Amino acid sequence: MRTGTLTAAIISAVFLAASVPHSDSQAQPPAPAPASDTATGDDTAAGQSPHVDPQNVMGVFRGDCKKCHPSEVAAWMKTTHYQSSDLRLLSFKGNTQKYAEALKISREDLLGDSLCADCHGTKSVVNGEVKVVSGVSCESCHGASGGEGGWLSRHQSYHDSQPLPRNQETPEHRAARIADCEAAGMIRAPDIFNQAQMCFRCHVVSNGDLIAAGHKMSSAAFEYVAWSEGEVRHNFLLDRTQNAKAPSLWQEMTNGSTENRRRIKFVAGTLAQLEAMLRARAEMKNPVVIPQIGGGIAALNGKLAQLNATAPTAEVGAITGIIGPMLATLFAPLPDDKAKYNKAADDVARHARHFVASHDGSKLAPLDTMINLAPPHFSQQFRQKYLRE
Ligand code: HEC
Ligand code: HEC
Ligand code: HEC
Ligand code: HEC
């Protein structure tokens with residue numbers, strides 16, 4: 001591995017900090033995440049934070065995820081997510097410099113509490129200051145784990161490294177532990193829509209100035225099934241040596257099938273992407289950027305129409321019914337944009353949750369041809385380094 005990288009520096013800094021007993025100068029253990037800060041909160045609630053709250057983020061190294069999840073951490077360390085803080089925040093040149101200067105973000109701020117670090121890294125409070133502690137990491141997708149009161153402390157009591165191994169936990173305790181973790185904001189494998197929502201908080205950009213400076217508005221080719229099955233996949237829970245096609249714990253607990261799960265992910269991922277684009281459209285005032293977002297929404301609506309023609313469901317039908325009439329005004333700023341598009345986003349999220357709760361995928365087999373159009377996605381860096389033919 002490269003030396004002298006941000007991540008290496010931070011790992012040692014965090015290990016040092018973690019090994020010192022709590023003193024006055026030490027940051028307090030992060031408080032538990034308030035329910036409204038998590039993706040499991042009610043989407044219609046105002047003021048929902050778009051990213052995990054650094055106050056409640058432990059970070060992979062301080063959270064010691066590796067102790068019990070060594071294969072997941074190893075897989076993550078090969079991803080673009082892991083590298084993103086080194087690539088985009090550490091070196092102040094090229095497009096990083098261009099975008100940062102356009103937004104008046106200094107070189108030092110980039111690695112602190114910056115807009116860029118919301119998406120290109122993991123922010124955590126270290127010694128009272130918000131710092132980037134790694135690239136995009138576990139808690140960016142599974143929710144801030146929140147120290148003593150958060151989900152991590154409740155999560156890790158049953159493991160082979162603990163006095164009580166995982167297979168000796170009673171079903172009652174397990175159910176209560178999982179319910180506690182979810183209440184504390186943990187995003188788990190069964191929460192397919194919430195999980196997809198996490199991706200689009202970063203993969204759809206809603207800051208008009210950033211887009212005007214030349215930053216991409218979204219990862220254009222992002223398709224949730226394909227993008228979660230490539231370099232990002234890390235389903236090692238039951239067998240550390242086997243990166244399973246579907247989360248192994250979910251499979252064990254529900255007896256669910258990989259094919260059915262992919263179908264639900266395909267629909268829920270498209271809906272989460274649409275929701276995020278509608279929220280970006282609600283915020284957007286820049287008349288140059290609005291047509292880009294409008295085009296994205298129209299394209300997604302087209303995909304949903306195709307999806308619904310292939311395997312009709314009440315939920316997807318209802319959503320195309322909401323978006324269709326909006327197409328005429330998508331491309332020009334209007335005074336009621338904010339209320340209108342946020343309301344549409346709320347409706348999409350509501351139908352999407354209903355969809356995930358009421359379908360198991362077994363009746364959606366016709367979608368497989370659409371799903372298989374996009375192969376598992378690996379970044380160029382990943383392919384060059386790990387998949388060289
Ligand atoms: C002491 C061991 C331990 C530590 C430390 C630990 N975990 Fe886990 N984790 C487990 C066990 C055991 C399970 C399986 C739980 C079960 O069987 O219900 C698990 C399951 C998970 C799951 C899957 C949950 C689901 O139901 O889909 C996620 C996600 C997860 N851990 C994330 C993390 C993250 C992120 C960290 C670090 C911040 C972490 N874990 C630290 C032991 C641990
Ligand atoms: C809302 C999330 C988000 C924010 C905020 C954000 N980025 Fe990005 N950025 C992304 C994503 C996602 C990609 C990858 C897009 C793709 O799939 O190609 C990216 C790609 C990049 C790239 C590589 C592509 C290019 O345009 O050269 C650079 C450089 C970059 N971002 C710098 C920055 C800087 C600097 C800031 C802050 C001024 C910033 N980003 C803010 C999400 C974000
Ligand atoms: C980019 C988002 C993202 C990041 C980063 C991430 N995860 Fe996950 N994780 C997911 C998704 C999505 C799933 C479910 C995968 C699926 O649907 O196939 C998952 C599944 C899991 C599971 C269940 C695996 C199984 O076999 O049941 C565990 C455990 C887990 N993650 C732990 C971690 C740990 C530990 C880290 C950090 C080293 C991490 N995750 C980083 C998104 C992420
Ligand atoms: C905290 C923000 C964040 C979250 C959450 C997030 N991503 Fe990303 N992701 C990024 C950024 C930023 C990049 C671009 C990294 C770079 O080039 O600097 C990226 C890159 C990727 C790439 C590599 C793309 C390429 O071709 O370079 C994949 C694949 C990916 N993300 C999938 C996912 C999936 C699937 C999820 C949800 C389960 C997810 N991401 C959640 C920020 C995020």
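Predicted model: local features only at pLDDT ≥ 70, side-chain atom pairs only at ≥ 80, totals over all residues.
Which domains each give at least three residues to the shell around ligand 2? They are domain 1 (1-24 + 53-142) and domain 3 (189-389).

## Around ligand 2

Let's begin with the residues themselves. The shell around ligand 2 has 20 residues, and those that come nearest are Asn 95, Tyr 99, Cys 116, Cys 119 and Ser 219. Sorted by class, 10 residues of this shell are nonpolar, 7 are polar and 3 are charged.

Three helices each supply at least two residues here: helix 5 (94-102), helix 7 (115-120) and helix 11 (192-203). Helix 7 has the largest share, with 5 residues.

## Around ligand 4

Ligand 4 is surrounded by 23 residues, of which Ser 84, Ser 140, Cys 199, Cys 202 and Ser 379 are the closest. The class make-up of this shell is 9 nonpolar, 11 polar and 3 charged residues.

If you follow the helices, you will find at least two shell residues in each of helix 4 (80-90), helix 7, helix 8 (138-142), helix 11 and helix 13 (224-229). The largest share comes from helix 11, which gives 6 residues. On the domain level, domain 1 (1-24 + 53-142) and domain 3 (189-389) each provide at least three residues to the shell around ligand 4.

## Around ligand 3

For ligand 3, the surrounding residues number 27, and the closest are Cys 138, Cys 141, Leu 237, Pro 247 and Leu 249. This shell holds 16 nonpolar and 10 polar residues, along with 1 charged residue.

Helix 3 (70-76), helix 8 and helix 14 (248-254) each contribute at least two residues to the shell around ligand 3. Helix 8 gives the most, with 4 residues. Domain 1 (1-24 + 53-142) and domain 3 (189-389) each supply at least three residues of this shell.

## Helix 15 against helix 18

Now for the packing of helices. Two packed helices are described by the angle between their axes and the distance between the axes. Helix 15 (residues 258-283) packs against helix 18 (residues 337-358) at an angle of about 165 degrees, and their axes are 8 Å apart. Angles over 145 degrees count as roughly antiparallel, and helix 15 and helix 18 are therefore roughly antiparallel to each other. Their crossing is left-handed.

On the helix 15 side, the contact includes Ile 264, Val 267, Ala 268, Leu 271 and Glu 275. Among the partners from helix 18 are Asp 337, Lys 338, Tyr 341, Val 348 and Phe 355. By class, the residues of the contact of helix 15 with helix 18 are 16 nonpolar, 1 polar and 5 charged.

## Helix 17 against helix 18

Helix 18 also has a contact with helix 17 (residues 314-323): the two axes come within 9 Å and cross at roughly 170 degrees. Helix 17 and helix 18 are therefore roughly antiparallel to each other. Helix 17 brings Glu 315, Ala 318, Ile 319, Ile 322 and Ile 323 to the contact, while helix 18 brings Ala 344, Asp 347, Val 348, His 351, His 354 and Phe 355.

How do the residues of the contact of helix 17 with helix 18 divide by class? There are 7 nonpolar, 2 polar and 2 charged residues.

Definitions and conventions. Residues numbered from 1 in each chain as written. Chains lettered and ligands numbered in written order. Near = placed C-beta within 6 Å. Nonpolar A, V, L, I, M, F, W, Y, C, P; charged D, E, K, R; others polar. Domains from an automatic or database assignment. Axes fitted to C-alpha atoms, helices over the stretch in contact; angles between N-to-C directions. Parallel < 35°, antiparallel > 145°, perpendicular 65-115°, else oblique. Left-handed = near helix turned anticlockwise from the far one by under 90°. Contact = placed C-beta atoms within 7 Å.
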